[in-house]
Amino acid sequence: MSETRPVKIKVRGLSKVFGSQPKKALELRDQGLKRSAILDKTSQTLGLSNIGFDVYEGELLVIMGLSGSGKSTLIRCLNRLIEPSEGEIVIDGENIPELSDKSLLECRRRHFSMVFQNFALFPHRTVQQNAEYGLEIRNVDKDERRQAARNALKQVGLEGWEDAYPNQLSGGMQQRVGLARALANDSSVLLMDEAFSALDPLIRKDMQQELLELQHRMKKTTVFITHDLDEALSIGDRIILLKDGEIVQIGTPEEILTAPADEYVERFIEGVDMSRILTARSAMRPVRATAREDDGPRTVLRKMSENGLDSIYVTNRERRLLGLVEGEVADRAVKDGQQGIASLIHQDFPCVSPDEPLHNLFAMFSGKSFPIAVVDYDKRLLGVVVKGAVLAQLAESGEH
Amino acid sequence: MAIEFPRIPLGQWIEGGLNWLTSEYSMVTRGISRFTQTGINGLNEGLMWLPEWALMAVIAMLCWRMAGMRLAIGAVAGLALIWNLGLWNPMIESLTLVVIATLVAVVIALPVGIAAALSERLYRTIMPVLDFMQTMPAFVYLIPAIPFFGIGSVSAIFATVIFSMPPAIRFTTLGIRQVPKELIEAADAFGSTRRQKLLKVQLPLSLPTIMAGINQTIMLALSMVVIAAMIGADGLGNEVWRAIQRLRPGDGFEAGIAVVILAMLLDRLTQSFRKERKQS
Ligand SMILES: Nc1ncnc2c1ncn2[C@@H]1O[C@H](COP(=O)(O)OP(=O)(O)O)[C@@H](O)[C@H]1O
Ligand SMILES: [Mg+2]
């Protein structure tokens, strides 16, 4: 599936050497030397080595790694705040490392806006003027840019703060200004370097949620950097794991959690992988509605539509789980004038005990998108686990 | 037996150079001289044409707006004392020299300071020169000024500009270099040109520091303007100079006190510019 999605940025063979003899360092790298050996030998830091990945149109791609793994270097190579030593970065057919100074300015204005870890707001400008900055330097008409900035500030919930100065705002609000400054620009890619790392945990959660909503609304291609796995899991469409300037794994949050590429990733997710301790009970939610074995297809269908369900569990009087009825099937039964639902029930869905470790649940989500039923030893239905809840639970517990 | 080592004729060389310069560029220096003299006379006459109380009112207003009531009252009291001591006109003459010298110094210092902030090489060239300019005893500048511009106020301004310019350059450079790296990065990330970065980020953010530099420049200018009486500059320095020659310490102290009043007034006023900016 992924091959067919439109690619916004293509990165190939990207390397960065900090130091005066990048050629030498890269040669040693090609001979198989590691970052630390190259540093010892030449005192050149191999910041990034042979990085290759695609950023798909409209996705939220997270780049994650420990401090010093090269995340900031990578994101700054994309818009050439740091000059790459080799490799290509192609956006809309333009190879960024080859651009002239003038085209680079143009490219930054059109394609990239950036949000920084320490906000980097202009202290001498009001909130409104900060949000206008990107448009102002492009000489956009005054009214137009005022309007665009106001819209962006509204998007991030800062209406009414236009005339305040950054130092009058809390950290969370300052970063909203940072976000608004980036959004007002209406560039095609949003670069966020540890944008939420400086915020305290509660505000951080809020901001993550809002970013997700924004991203959902605006479908803006976003490259988001974090050193925090919980954050990566809860917001990333895909995650790139970086270690010592190299990519260790690229995958969806599930892929990273269920099939860690190597020990490094495993160790990384260990802290969060409470799934070995966490169980289905912790991620379970109450069942919104169930059908009775003696309900007719019409009743079943009504219960489903009233509760916004695609399928419904059927229980007997003792709340023992008998099986599942799917909406389509019930619908057909109504049209065919069928009376009972006994013939509609099937058992082809995942079913676990409340003590089932969370990490085992991931595999069960493949195929049809039924939730997982949680039942006790008497087969009584206790609750359901939906896909999002597992990740949310993992992310939350990683915090402690 | 001591080895005879010929004395290096450093002084002669410098003199030769200066002579060459003065004869080669006499047209230019005479032009500058006339132009500057016209400016000095104009400003002097303008300020002296105003009745004393009117100028005092204007200055008091300015102090009140910029720094509050206390400075305004202090200014009126101080200026009234100067008037009463009969030092009003010398005070105006000194003020004129300070204003013109500072203007010239700042006009030169700003671009030089900016350039030095943006170019590491220029920075390393210019800093020792500034050290030299500042540590050289002040009145040494007076001597070469004379062959260029003759005895009088123009020479005084020339020497004053050279002596008082370093802090303005230094602080401009410092202010721009102190702008946080992240803000420069942010400006770059949005695609600012160098000019936009300078005008919209670097200069506004270094303004308080630049103002501190200008404040120092003004203070140095005032001290130099007083010393410049030795080469015939008018003003309060001239009063002091005359008092020394006539051995009249009382007169000397009166003129000295007037200098102090003027210095405090200029200092507080320019400091308030700085604070005003910071608050906004
Ligand atoms: N300007 C620089 N000069 C030398 N080394 C640098 C420079 N910038 C970053 N590095 C080195 O490159 C590596 C990656 O840094 P960085 O990209 O900032 O990591 P991260 O953002 O993942 O914490 C680190 O080892 C860091 O010390
Ligand atoms: Mg970083």
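**Entry 1. Terms and model**

I take helices to be DSSP runs of H or I of at least four residues, numbered from the N terminus. On that basis I located B:Lys197 in helix H10 of chain B, which covers residues 194–227. I note at the outset that this is a predicted model.

**Entry 2. B:Lys197**

**Entry 3. B:Asp234**

I next followed the chain to the loop between H10 and helix H11 (236–245) of chain B, where B:Asp234 is found. The relative accessibility of B:Asp234 is 35%. This value falls between the 20% and 50% limits, so B:Asp234 counts as partly exposed.

**Entry 4. Chain B as a whole**

I recorded the secondary structure of chain B as 12 helices and zero strands. Read from the N terminus, the order of elements is α-α-α-α-α-α-α-α-α-α-α-α. Chain B has 280 residues, of which 45% count as buried. Along the principal axes, its C-alpha atoms fill a box of roughly 70 × 65 × 45 Å.

**Entry 5. Annotated segments of chain B**

I consulted the UniProt record, an unreviewed entry, for the feature "transmembrane region". The record places this feature at residues 53–83, 95–118, 138–163, 205–232 and 252–270 of chain B. I examined two of these spans in the model. Residues 205–232 of chain B are 82% helix and 0% strand, with end C-alpha atoms 41 Å apart. Residues 252–270 of chain B are 100% helix and 0% strand, and there the end C-alpha atoms are 27 Å apart.

I turned to chain A and asked which residues are around ligand 1. They are A:Phe18, A:Arg35, A:Thr45, A:Leu66, A:Ser67, A:Gly68, A:Ser69, A:Gly70, A:Lys71, A:Ser72 and A:Thr73. By class, I found two nonpolar, seven polar and two charged residues in this shell. Helix H3 of chain A (residues 71–78) gives the most to the shell, with three residues.

- A side-chain N or O atom of A:Thr73 is 2.4 Å from an oxygen atom of ligand 1.
- A polar backbone atom of A:Lys71 is 2.8 Å from an oxygen atom of ligand 1.
- A backbone N or O atom of A:Gly70 is 3.0 Å from an oxygen atom of ligand 1.

I then looked up the cover on the ligand: alone, ligand 1 exposes 560 Å², and the protein buries 59% of that.

**Entry 6. Domains of chain A**

I noted that the UniProt annotation "domain: ABC transporter", from an unreviewed entry, covers residues 28–269 of chain A. In the model this span is 44% helix and 22% strand, and its end C-alpha atoms lie 31 Å apart. Chain A is divided into domain 1 (7–122 + 188–272) and domain 2 (281–398). I recorded 40 Å between the C-alpha centres of domain 1 and domain 2 of chain A.

Note on methods
Residues are numbered from 1 along each chain as its sequence is written. Chains are lettered from A and ligands numbered from 1 in the order in which they are written. This is a predicted model: local features need pLDDT of at least 70, side-chain atom pairs count only at pLDDT 80 or more; totals for chains, interfaces and linings use all residues. Side-chain values use heavy atoms; hydrogens and water are left out. A residue is near a molecule or strand if one of its heavy atoms lies within 4 Å of it. A polar contact is a pair of N or O atoms within 3.5 Å; within protein, one must be able to donate a hydrogen and the other to accept it, and residues adjacent in sequence count only if both atoms are side-chain atoms. Accessible areas come from the Shrake-Rupley method with a 1.4 Å probe; for residues, only the protein chains shown count as cover. Helices (H or I, at least four residues) and strands (E, at least two) are DSSP runs, numbered from the N terminus. Ala, Val, Leu, Ile, Met, Phe, Trp, Tyr, Cys and Pro count as nonpolar, Asp, Glu, Lys and Arg as charged, and the others, Gly among them, as polar. UniProt positions are given in the numbering used here, feature names are shortened, and annotations may be inferred rather than shown by experiment. Domain bounds come from an automatic or database domain assignment. Buried means under 20% relative accessible area, exposed over 50%, partly exposed in between (1.4 Å probe, protein chains only).
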